[in-house]
Amino acid sequence: MDFTRDEAQEAVAEVVVGLLERQAARDSALWPELAATGLLSVALPERFGGDDMGIDAVSVLLTELATDAVAAPALPTLGFGVLPLLGAVPESVAAEVFPAVAEGAVLTAAISEPGAPLTTEPTTKAEVSGDTVRITGYKVAVPCADQARWLLVTTESGVAVVDAKAAGLSLAPSPVSGGLPEFSVKLDGVEIPADRLLADAGPRLHRVVLAAIGAVADGLLSGAVKLTAAHVGTRQQFNRPLAEFQAVAQQIADLYVVSRTLHVAAVSANWALGQNAPSPEQQQRIDDDLNVLAYTVAAELPRAMQKCHHLHGGIGVDVTHSMHRYYSQSKDLARWLGGAALRLERLGAGCSSI
């Protein structure tokens with residue numbers, strides 16, 4: 001296994017870095033610029049003007065954006081939307097959705113339900129009647145639902161591609177820590193064409209969402225550690241840089257270890273998922289990698305961010321300071337995953353034969 005970025009992935013990273021050097025925006029105002037560079041097309045099929053690079057390129061893109069704590073809808077659109085749809089939607093749906101994404105349309109996914117974060121056993125119902133499917137249910141923690149043109153909604157019968165303006169769909173804003181808006185979504189008999197219910201897409205959607213969250217977490221922690229190291233390297237205390245104090249140096253070293261651990265877990269899981277391994281044994285190994293990644297993010301990322309805050313003193317708590325963006329986005333990722341205890345339980349279940 002070689003996790004080194006190839007030339008295409010390096011090219012994606014260079015375009016992202018160049019864009020962030022030219023643009024000051026780190027929120028949704030950056031989204032049109034991302035579309036203009038062609039970055040939103042990296043995973044799209046070539047027949048729709050894309051580069052057909054798949055999850056490998058998207059994970060690099062998400063990680064590089066997160067290194068600067070960008071709060072644009074790249075994660076829900078590419079990680080929660082485009083990647084799960086690749087190879088899973090009919091040509092008529094692909095021809096409508098993918099070109100729109102290339103032009104800047106936002107996608108998102110409604111996966112979590114009350115008391116069931118990123119559930120693999122949704123209770124949302126999809127009743128098929130001829131050529132129509134009627135969807136009824138309630139979803140929570142749906143990022144960017146107000147900006148989205150389509151939502152991928154998990155149901156008992158598969159993943160439904162729902163128009164965000166469909167009759168019977170309503171949104172209620174939810175409080176968040178980071179920069180992405182979030183909503184609870186109620187579906188009251190929302191009707192979609194039958195070809196927009198993807199019966200077998202649920203497992204793929206769940207895997208890709210975990211991998212994409214891991215890629216973003218990798219970038220967030222990497223960026224926060226660099227920001228913190230720069231701060232303690234220049235901040236003076238008793239006429240000496242903070243980094244020269246042994247206790248501070250040890251904490252930075254601990255952060256580096258956690259950052260590298262998370263990086264390996266994220267890159268490994270995204271690489272494995274990109275191999276398109278079809279056998280049940282290979283899929284189980286991928287699920288194991290993703291469970292390890294999800295637990296690492298939920299357990300280690302918030303603690304590491306707290307340590308970065310501690311090393312910044314009171315400065316990092318200010319909402320005008322960059323550290324606040326890293327920390328707040330990390331809290332939302334851990335919450336989406338359901339927290340460390342839930343992820344440890346799922347990881348343990350995979351290790352048990354009971």
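**Strands, helices and a recorded domain**

Guide: In this predicted model, 4 strands form an open sheet, in the order S2-S3-S7-S6, with antiparallel pairing.

Visitor: What makes S2 and S6 the edge strands?

Guide: Strand S2 (125-129) and strand S6 (169-174) each pair on one side only. From one strand to the next, the twist averages 15°.

Visitor: How do you know that S3 and S7 pair?

Guide: Two strands pair if DSSP finds at least two bridges between them. Strand S3 (residues 132-143) and strand S7 (residues 182-193) have 10 bridges, in the antiparallel sense. Therefore they count as a pair.

Visitor: Which residue in S7 stands opposite Arg134?

Guide: Glu191 does.

Visitor: Why is H6 called roughly parallel to H8?

Guide: Helix H6 (residues 202-234) and helix H8 (residues 280-312) pack at an angle of about 25°. Angles under 35 degrees count as roughly parallel. So H6 is roughly parallel to H8. Their axes are 9 Å apart, and the crossing is left-handed.

Visitor: How do the residues of the contact of H6 with H8 divide?

Guide: There are 19 nonpolar, 5 polar and 2 charged residues in the contact of H6 with H8.

Visitor: Where does UniProt place the feature "domain: Acyl-CoA dehydrogenase/oxidase N-terminal"?

Guide: The UniProt record, an unreviewed entry, places that feature at residues 5-104.

Visitor: How much helix and strand does the chain have over residues 5-104?

Guide: Over residues 5-104 the chain is 61% helix and 0% strand. The end C-alpha atoms of this stretch are 26 Å apart.

Methods
Residues are numbered from 1 along each chain as its sequence is written. This is a predicted model: local features need pLDDT of at least 70, side-chain atom pairs count only at pLDDT 80 or more; totals for chains, interfaces and linings use all residues. Side-chain values use heavy atoms; hydrogens and water are left out. Helices (H or I, at least four residues) and strands (E, at least two) are DSSP runs, numbered from the N terminus. Axes are lines fitted to C-alpha atoms, for helices over the stretch in contact, and angles run from 0 to 180 degrees between N-to-C directions. Angles under 35 degrees count as roughly parallel, over 145 as roughly antiparallel, 65 to 115 as roughly perpendicular and the rest as oblique. A crossing is left-handed if the near helix is turned anticlockwise from the far one by less than a right angle, and right-handed if clockwise. Ala, Val, Leu, Ile, Met, Phe, Trp, Tyr, Cys and Pro count as nonpolar, Asp, Glu, Lys and Arg as charged, and the others, Gly among them, as polar. UniProt positions are given in the numbering used here, feature names are shortened, and annotations may be inferred rather than shown by experiment.
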